[in-house]
Amino acid sequence: MVTRLLATKLYPEFIKIPVSRRRLVETTQAFEELTSLPNMCGAIDTSPVKLHSLPNDQKFPGTYRCRYGYPSVLLQVVADHKKVFWDVCVKAPGGTDDATHFRDSLLYNRLTSGDVVWDKVINVRGHPIRPYVVGDWCYPLLPFLLTPFSPNGMGTPAQNLFDGMLMKGRSVVVEAIGLLKGRWKILQDLNVGLNHAPQTIVACCVLHNLCQIAREPEPELWKEPMRTELNQGCLIMRNRSISSGKV
């Protein structure tokens with residue numbers, strides 16, 4: 001009952017897309033101070049949430065095995081400069097790639113349909129730039145989602161400089177996920193039924209925002225396994241998407 005209350009009644013109160021002018025200005029200015037990039041309003045990433053066990057009647061158990069080898073469901077979050085989540089999505093098995101999960105999310109549908117309107121438009125060398133989020137190489141490049149030019153510093157000096165600034169912005173969501181799993185250790189080995197897993201995860205995200213807003217002491221960051229070896233895999237998946245016309 002508690003997790004249902006948090007995930008349904010309190011979610012819209014504490015997890016909100018920044019659409020008001022005041023919040024957009026505050027968020028984009030803070031990101032610009034951090035990265036020197038204008039009009040950035042959030043950073044997106046995913047994290048597999050380990051499941052203690054899967055039901056024996058699960059038809060496709062392999063789809064839940066994440067890139068680190070354990071059964072999981074995939075959590076997607078977007079965080080602001082305060083490491084507060086303004087979007088949360090848990091709707092895919094852990095073996096789903098980040099880009100696919102993003103395209104299946106409500107956030108993607110709202111951004112592509114024009115349901116979310118960010119009216120803080122700036123002019124950069126004659127081009128109107130609306131607010132955008134940043135992600136790593138696992139995500140597609142879109143008008144509202146910026147990703148690095150190249151993985152592992154393989155671009156030109158100018159591209160590598162841009163990528164470094166962009167990754168500074170992305171670091172807030174990595175830290176936010178680390179705080180989330182550091183605070184709520186149940187998410188390190190989720191021992192609830194598969195049907196209740198998404199609700200429990202979303203409830204923890206709401207509690208995380210409450211702690212961040214209240215400026216509670218931050219625990220030691222939980223760290224995911226190294227993702228360096230995954231960059232090439234993300235690059236391959238993205239190139240396949242481009243060639244098939246999905247990006």
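Reply: Start with burial. Buried means under 20% relative accessible area, exposed means over 50%, and partly exposed lies in between (1.4 Å probe, protein chains only). Helices (H or I, at least four residues) and strands (E, at least two) are DSSP runs, numbered from the N terminus. This is a predicted model: local features need pLDDT of at least 70, side-chain atom pairs count only at pLDDT 80 or more, and totals for chains, interfaces and linings use all residues. Residues are numbered from 1 along each chain as its sequence is written, and side-chain values use heavy atoms, without hydrogens and water.

Me: Which residues of α1 are buried?

Reply: Leu6, Ala7 and Tyr11. Their cover includes β3 and α6 (197-213), with contact meaning heavy atoms within 4.5 Å.

Me: Where does α1 kink?

Reply: The bend at a residue is the angle between axes fitted to the seven residues ending there and the seven starting there. In α1 (residues 2-14), a kink of about 35° lies at Thr8, shortly before the proline Pro12.

Me: Why is strand β2 largely enclosed?

Reply: In a regular strand the side chains alternate between the two faces of the sheet. Here, Ser72, Leu74, Gln76 and Val78 point one way from β2, while Val73, Leu75, Val77 and Ala79 point the other way. Eight of the eight residues of β2 (residues 72-79) are buried, so the rest of the structure largely encloses this strand.

Me: Which residue of β3 stands opposite Val73?

Reply: Two strands pair if DSSP finds at least two bridges between them. β2 and β3 (residues 85-93) pair in the antiparallel sense over seven bridges. Pro93 in β3 stands opposite Val73.

Technical notes. Expected span 1.5 Å × (residues − 1).
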